[in-house]
Amino acid sequence: MNELREKDESYRSFLLLSAISSEEPLSQREIARQVGIALGLVNSYLKHLVDKGFVRIKSFPRNRYAYLLTPRGLAEKSRLAYEHLSSFTTLFRVARQDYLALFRALKTQGVGRVAFCGVDEVAEIAYLSLREVGLELALVMDQATDGREFFGKPVVSIPHGLLAGNHHIVITTFKRREALREELLQRGVASELLHQAGEPAGETQSIREEHP
């Protein structure tokens, strides 16, 4: 699980540096929207990147600020790009193991169907694990659907998906899992029905209580 978290944090740093590398100065809110993670988490990561000398802050009139990549930050972005390209096999292995463990735990608890929330390459890895364990995929949700399909199932909006019933929901993305988890909780999903890889089934509620 520690290996997965380190990869996840490194990948978030890469996404932030990639967003900041554009010519247009971006605010924290704009970066959060582009990258798909919570605004508070963006703030924390940016402070770390500024301390490392990868990002500098530029002030504008009316107390506005923007974040720009430094030459060191550009070099770090290139390094992380190579790291994540070369470590996809490791990511696949770790994600596969963690989703297998999660789905086996859910099956042991008598769960037969789950919903996925978040569609990207990690969701595909989760689907392979789901099929291996023998659980059924009830539905697939994401923030932006755009008429997409996921292994033959239509990807529906989160509000639409929640209307379908109180399914156990598995967050199937590493890039946006904090933002999706927060949205699901705000929409009234019970914490005991919310799961993510690297976290044993049933522990979400205690983690949520420790970090309000």
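Biologist: In this predicted model, which residue in β6 is the bridge partner of Asp-142?

Modeller: The bridge partner of Asp-142 in β6 is Ser-157.

Biologist: What makes strands β4 and β6 a pair?

Modeller: Two strands pair if at least two bridges are found between them. Three bridges join β4 (residues 136-142) to β6 (residues 153-157), so the two strands meet that condition. They run parallel.

Biologist: In what order do the strands of the open sheet lie?

Modeller: Six strands form the open sheet, in the order β5-β6-β4-β3-β7-β8, with mixed pairing.

Biologist: Why are β5 and β8 called edge strands?

Modeller: Strand β5 (149-150) and strand β8 (194-196) each pair on one side only.

Biologist: What does helix α8 touch on the sheet?

Modeller: Helix α8 (residues 177-186) packs on the sheet and touches β3, β4, β7 (168-171) and β8. The direction of α8 makes about 170 degrees with that of β8.

Biologist: Where is Ile-37 placed, and why is Ile-37 called buried?

Modeller: Ile-37 belongs to the loop between α2 (28-35) and α3 (39-51). A residue counts as buried under 20% relative accessible area; Ile-37 has 3%, and is therefore buried.

Biologist: Which residues does Ile-37 touch, not counting those up to four places away in sequence?

Modeller: Ile-37 touches Arg-12, Ala-32, Val-42, Lys-175, Arg-176 and Ala-179.

Biologist: How much of the protein chain counts as buried?

Modeller: Of its 212 residues, 47% count as buried.

Note on methods. Residues numbered from 1 in each chain as written. Predicted model: local features only at pLDDT ≥ 70, side-chain atom pairs only at ≥ 80, totals over all residues. Heavy atoms only, no water. Helix = DSSP H or I, 4+ residues; strand = E, 2+ residues; numbered from the N terminus. Buried < 20%, exposed > 50% of the residue type's maximum accessible area, 1.4 Å probe, protein only. Contact = heavy atoms within 4.5 Å. Axes fitted to C-alpha atoms, helices over the stretch in contact; angles between N-to-C directions.
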